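Welcome, and thanks for taking a look at this one with us. Below is a short tour that goes from overall figures to individual side chains.

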Amino acid sequence: MKESEALQRSGSEYNFGSYQRLEAIYNWMDTLVAEHPKLVTKVLIGSSYENRPMYVLKFSTGGTNRPAIWIDTGIHAREWVSPATGIWTANKIAVDYGKDASLTSLLNTMDIYMLLLANPDGYSYTHDNDRMWRKTRSRSPGSNCRGADPNRNWDSGFGGPGTSRNPCSDLYHGPSANSEVEVSNVVNLIKAHGNFKSFISVHAYSQLLMYPHGYSCKDIPDMAELDTVGQAAVKKLASLYGTRYEVGSICKIIYPASGGSIDWAYDTGIKYSFAFELRDTGLSGFLLPANQIIPTASETWLALKHIMEYVRDNPYYTQH
Amino acid sequence: MSPALMRVLRVVVLLSAVRGAPLATVTLPPVILEPVPLEPVPVPSEPVRVDSGADQNISIPINTEQQQQQQQVSLDVDVMLTGELNPNHYPARRAAQVVLHHLNTRYGSPYWWGALRQVHKATAEALGDSGRKYSLEVTLQDQISGTKETCTAEVVFPGGPAGGPPQVTTSYEGKSEINTQAQEEALYNQYNTSQNLLSGHNLPDSYGHVAPGMEPFWHLGGVASSFVMLKESSENTLYNMAQVVSVTQLATENNQLRFNYDVLLHEMVSQEIIHWKLLASWSPQEGVKASQMELLPKCHHCEPPQEH
């Protein structure tokens, strides 16, 4: 595992095998950009409800508006292994470009966008107030309860099954679709860009790789293809440590869930839309030991890479 | 041909709707869940004494608002799948999770804590007014030793508005390979004392770390929590223990070590974190028992919402 240890020590001594506070993550992003200036730029996409900047790391070797892959981590605040995996992955992409032939060929024709902290207010709250917080921290008129579930706030079956209209619920969908600024910031970027080919959202826990829909259990037209890609991806994931993942649509595998990000992405024409639920299956749950961060990120990378290579090798056009 | 998968409809139903009512066809537009008034839940008539060395007597009413929230979300009923089920889909997995909670109440200990590893086969049938029955073949795994075992099980979710805990029977006959007896007796003897009673908190902590020597009490908390999770389970829930907030040993009584536990449960369908207190007693001979189980309000520093 020497290579992994070497990766641990790069990035100006950022410890990839630990859970860091928001400030440390933001500092590290600047370090990554400074170390890989030709590949990585930091893009401000807007602010959170409590005015924290939201930054996307853009991996690009040039071109104009190349077909792109979107990856977000940390949308649910308590799912710490998700942004931890995102950080390791961002570093891996930066370090392996130019060394890994497949990744290099991918980045020579496509861009990768990574939103590492999709819910910075929530993430900060889990460090200072409530480790089990899930939602954003927006205020709801007429209620003392804060926050909406940012993964029920997208304009895809909004307000449908698997959501709540009670602001105190952990599944509160918010007053309207895109009411959460954390969500609208992403929606605006994706729409303005117009050329995303894949949208991947990373959560924890349960060890699942899912595709749309959550708001309906009816099979999507591309179900067979996405299922095949997913099955191959989790096979590669399992090859590292034997970690078992299940594959299926959100609605069937875990539960009906409306207003979710990958449903929205798919319905806007981004065919290769997937959601990960990372380790574990409930033993530690949200409190995954830090010594599992790098194993989780390493195995997940194999699945991510498979999906990204597939996207690279299967270009398509969407009519808008 | 295999038994018909009677997928009637994916709908959102009101609590007051009759279960099993035939539903129309195909896809409906998404329907917003309506808040539904619950029947009033009785408040305990006298304060529960928690003899934990803590300096308060706590009287805790059951939180109807919390239950109402859970009901609001979890009432999206994937109506009436019967026959052969896909073992990887959630109806089978939820029923299988109930089996594991049952097994933990029977066989769990500080050194045996079972979890669901895989569902191989699942079927479901309606029992009319008596609810629904799942027949399952599952592989379970002890989360401590990693030992796996396959067994069959039946889970009956009672019907009717009163509900009630699921009833579980299994073919599992007890831990076969791993012998935890020596460890259990060592732990029992170490803590069978009236002095230096154990206490701990945040197992695991925010970073997933369990303090050295505390793992058996993390495991015990998980096993004891299965008593709660079993009785709280339905076809619309999937429970795991999220964290032991605190554990405080009480004096041994009737040869049982006793511990007050404060735990957070994660209910996957509503995504709620639910706070319970319970009293766990354990000995190698008697296994684990849980009593004085109490639901606590969602958060102590929150004010209740102005609606409802």
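In chain B, residues 24 or more positions apart make up 59% of the contacts that have a separation of 6 or more. Please keep in mind that this is a predicted model, so every value here is computed from predicted coordinates.

**Chain B as a whole**

The secondary structure of chain B consists of 4 helices and 12 strands. Chain B has 308 residues, and 49% of them count as buried. Its accessible surface is about 14800 Å², with 51% of that belonging to carbon and sulfur atoms.

**The sheet in chain B**

Five strands of chain B form an open sheet, in the order 8-9-10-11-12, with antiparallel pairing. At the edges are strand 8 (199-203) and strand 12 (287-295) of chain B, each of which pairs on one side only. From one strand to the next, the twist averages 20°.

Inside this sheet, strand 9 (residues 239-253) and strand 10 (residues 256-267) of chain B run antiparallel and are joined by 11 bridges.

**A serine in a loop**

Between strand 10 and strand 11 of chain B lies a loop, and B:Ser270 is found there. Is B:Ser270 buried or exposed? B:Ser270 has a relative accessible area of 1%, and because the cut-off for buried is under 20%, B:Ser270 counts as buried. Its side chain also makes a polar contact, at 2.8 Å, with the side chain of B:Glu267.

**A hairpin in chain A**

Turning to chain A, strand 1 (residues 40-47) and strand 2 (residues 53-59) run antiparallel, joined by 7 bridges. These strands of chain A form a hairpin with 5 residues between them. Which residue in the turn has a positive phi? That is A:Asn51, with a phi of about 70°. As a landmark in this pairing, A:Gly46 stands opposite A:Met54 in strand 2 of chain A.

| Strand pair | Residues | Bridges |
|---|---|---|
| Strand 1 and strand 2 of chain A | 40-47 and 53-59 | 7 bridges |
| Strand 9 and strand 10 of chain B | 239-253 and 256-267 | 11 bridges |

How values were computed
Residues numbered from 1 in each chain as written. Chains lettered and ligands numbered in written order. Predicted model: local features only at pLDDT ≥ 70, side-chain atom pairs only at ≥ 80, totals over all residues. Heavy atoms only, no water. Pairing = 2+ DSSP bridges. Helix = DSSP H or I, 4+ residues; strand = E, 2+ residues; numbered from the N terminus. Axes fitted to C-alpha atoms, helices over the stretch in contact; angles between N-to-C directions. Buried < 20%, exposed > 50% of the residue type's maximum accessible area, 1.4 Å probe, protein only. Polar contact = N/O pair within 3.5 Å; in protein donor to acceptor, adjacent residues only side chain to side chain. Contact = heavy atoms within 4.5 Å. Areas by Shrake-Rupley, 256 points an atom, 1.4 Å probe, with all protein chains shown as cover.
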